[in-house]
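Biologist: I'd like a close look at one part of this model. Please keep it brisk, and give the cut-offs as you go.

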Amino acid sequence: MFAFFLGCLYLIFALIYLLLIKEKFNTFGFIFNPRNKRLLIIFDAPFLLISFAAILEEVHWLFLVIFFMHLFNSMTLQFKPKFFYQLKDEIRLIDESSFNDYLVITASILGIGCLLVSYF
């Protein structure tokens with residue numbers, strides 16, 4: 001059940017992110033603005049909680065990857081924010097549109113993966 005919710009949450013996130021990109025919202029600037037640190041941690045909380053509940057329900061490597069990915073992100077933001085914000089320059093070297101594409105593709109793959117795990 002939690003795997004299904006997690007999959008739906010990721011797919012909803014991907015759709016909302018696509019809508020923000022379409023509306024020309026500066027998501028890159030929002031994510032890497034230090035004033036939004038608390039909001040990003042709050043945003044990670046549901047993913048952490050639901051992935052942890054999914055691990056308790058069914059131990060699967062995908063849920064472990066998701067949980068530790070969000071845990072690492074939240075802990076980095078909380079305890080080493082300078083390291084997190086240094087990534088801004090490295091990502092800018094790649095391209096902001098590639099970063100946006102990466103987030104949408106990753107969220108979609110994780111959402112579909114969670115739905116598949118919950119189905120089987």
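Biologist: Which residues form a nonpolar patch on the surface, and about how much accessible area do they have together?

Modeller: Met1, Phe2, Phe4 and Phe5 form it, with about 410 Å² of accessible area together. First, the ground rules. This is a predicted model, where local features need pLDDT of at least 70, side-chain atom pairs count only at pLDDT 80 or more, and totals for chains, interfaces and linings use all residues. Numbering runs from 1 along each chain as its sequence is written, and side-chain values use heavy atoms, with hydrogens and water left out.

Patch members have over 30% relative accessible area and no salt bridge; like charges are joined within 9 Å, and nonpolar side chains (Val, Leu, Ile, Met, Phe, Trp, Tyr) within 5 Å. A salt bridge puts a side-chain nitrogen of Lys or Arg within 4 Å of a carboxyl oxygen of Asp or Glu. Areas come from the Shrake-Rupley method with a 1.4 Å probe, and for residues only the protein chains shown count as cover.

Phe4 sits in helix 1, residues 2-22. Helices are DSSP runs of H or I, at least four residues, numbered from the N terminus. Phe4 is partly exposed, at 43% relative accessible area. Buried means under 20%, exposed over 50%, and partly exposed in between.

Further along helix 1 is Ile16. Ile16 is partly exposed as well, at 47%. Its C-alpha is 13 Å from that of Ile105, 89 residues apart in sequence. Lys24 is exposed, with a relative accessible area of 73%. Its phi is near 65°, a positive value in a residue other than glycine.

Now the interior. In soluble globular proteins, nonpolar side chains tend to be buried together. Here the largest nonpolar core has 29 residues, and Ile31, Phe32, Phe63 and Phe99 touch the most other members. Helix 1, helix 2 (27-31), helix 3 (37-57), helix 4 (61-79), helix 5 (81-94) and helix 6 (96-119) each supply at least two residues of this core. Helix 6 gives the most, seven residues. Such a core is a set of buried Ala, Val, Leu, Ile, Met, Phe, Trp, Tyr and Cys residues joined through side-chain atoms within 4.5 Å.

Take Ile31. Leaving out residues up to four places away in sequence, Ile31 touches Tyr17, Leu40, Phe84, Tyr85, Phe99 and Leu103. Contact means heavy atoms within 4.5 Å.

Phe99 and Leu103 are also among the buried residues of helix 6. The buried residues of helix 6 pack against helix 1, helix 2, helix 4 and helix 5. Helix 6 has 24 residues and should span 34 Å; its end C-alpha atoms are 35 Å apart, which agrees. The expected span is 1.5 Å times one less than the number of residues.

Ser108 lies in helix 6 too. Ser108 is partly exposed, at 22%. Beyond neighbours within four places in sequence, Ser108 contacts Leu11 and Ala14. The C-alpha atoms of Ser108 and Cys8 are separated by 9.7 Å, across 100 residues of chain.

Helix 4 has 19 residues and reaches 26 Å, close to the 27 Å expected. Its buried residues include Phe63, Ile66 and His70. Helix 1, helix 3, helix 5 and helix 6 are among what covers the buried residues of helix 4.

Definitions and conventions. Buried means under 20% relative accessible area, exposed over 50%, partly exposed in between (1.4 Å probe, protein chains only).
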